[in-house]
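Me: I would like to learn how to read the features of a protein model, step by step. Could we go through them with the structure in view?

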Amino acid sequence: MTDSDEYVLFNYIHEKEENRSLYDTIRRGVTADDIDKERDRYETYRKRLPSMSLKATVADFLHQEKMRMKCIKFPGLQFTSYESEKSAVYKGVPENAGVNPYQLVTLRHRKAGNRQGIFSKTMVDVSQGTFDDYSMESNFNIHNPNKLLCGLNGHSGSSQDYISAIFRLHHYRTGTWESFIERSQDRRANMTVDRFMERNVEPHLIDDDIRPWLAW
């Protein structure tokens, strides 16, 4: 479902940062009308998402809502390595937690790209599929592990509109420069300064939705 530089959380509503006039044209066979219907359907779920301070998990919500879906798609929010002021990094960190927030990427890197369906991944309920659903011919990639259960993806591994998603993925593309160059064994690319800057998306917003987790 995710890599080690990602995690899943609730897709809380950020109305001022969500562009309802934007439709992800990279999605295959999905019209603007279809997307509007999805947004209306799942808005009620998004309004019921529990606060992180309540110690509620994604699994808790799925059971509470009795959601029996073979495949749940969720968009990714890309985080940058651009730094915040020290006071913002320490905000909400309990004094007795014994935690240095600069050692936690989830607290240190708060700035992200736009809220739109640039890429997506999935959760698959394997209990609902048949043996034939999991044939090698149905396997696709990490962004869509099963075409029979999850349908097709568009370009860049995306097939989920951001606004109609109940969950989202936080992806830390680069982290710090020090952590980035530690990936020297990554066969996909040379870990150069140019590569670091290429992957370091321009920040458009600040997202602290995960921050209450530290007080659990």
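Me: Which helices each supply at least two residues of the nonpolar patch?

Reply: In general, patches are made of residues with over 30% relative accessible area and no salt bridge, where like charges are joined within 9 Å and nonpolar side chains (Val, Leu, Ile, Met, Phe, Trp, Tyr) within 5 Å. In this predicted model, helix H6 (177-181) and helix H7 (193-199) each give at least two residues to the nonpolar patch; helices (H or I, at least four residues) and strands (E, at least two) are DSSP runs, numbered from the N terminus. The patch on the surface consists of Trp177, Ile181, Val193 and Met197, which together have about 340 Å² of accessible area, as given by the Shrake-Rupley method with a 1.4 Å probe, where for residues only the protein chains shown count as cover.

Me: What should I keep in mind about the numbering and the predicted model?

Reply: Residues are numbered from 1 along each chain as its sequence is written, and side-chain values use heavy atoms, with hydrogens and water left out. Because this is a predicted model, local features need pLDDT of at least 70 and side-chain atom pairs count only at pLDDT 80 or more, while totals for chains, interfaces and linings use all residues.

Me: Is valine 193 buried, exposed or partly exposed?

Reply: Buried means under 20% relative accessible area, exposed means over 50%, and partly exposed lies in between (1.4 Å probe, protein chains only). Valine 193, which lies in helix H7, has a relative accessible area of 49% and is therefore partly exposed.

Me: How many salt bridges does a search of the whole structure find?

Reply: A salt bridge is a side-chain nitrogen of Lys or Arg within 4 Å of a carboxyl oxygen of Asp or Glu, and the search finds 14 of them. One of these joins lysine 121 to glutamate 6, with their closest N and O atoms 2.8 Å apart. This pair links distant parts of the chain, since lysine 121 is in strand E4 (residues 120-124) and glutamate 6 in strand E1 (residues 6-10), 115 residues apart. Lysine 121 counts as buried at 1% relative accessibility, and glutamate 6 counts as buried at 9%.

Me: Where do arginine 48 and glutamate 65 lie?

Reply: These two form a salt bridge whose closest N and O atoms are 2.7 Å apart. Arginine 48 lies in the loop between H1 and helix H2 (58-64), and glutamate 65 in the loop between H2 and E2, so the pair ties together parts that are 17 residues apart in sequence. Arginine 48 is partly exposed, with a relative accessible area of 41%, whereas glutamate 65 is buried, with 17%.

Me: Which residues are linked in a network of salt bridges?

Reply: The network links Glu17, Arg115, Arg168, Asp207 and Asp209.

Me: What volume does the largest cavity have, and which residues lie nearest its centre?

Reply: On a 1 Å grid over the protein atoms alone, a cavity is a set of points where a 1.4 Å probe fits but cannot get out, and lining residues have an atom within 4 Å of a point. Grid points are joined across faces, edges and corners, and a volume is the space filled by probe spheres set on the points. The structure holds 1 cavity of 30 Å³ or more, and the largest cavity has a volume of about 50 Å³. Its lining has 11 residues, of which Asn19, Leu22, Arg39, Arg115 and Ile163 lie nearest the centre.

Terms used: 1 Å grid on protein atoms, 1.4 Å probe; cavity = no way out; pocket = protein on both sides within 12 Å on 5 of 7 lines; lining within 4 Å.
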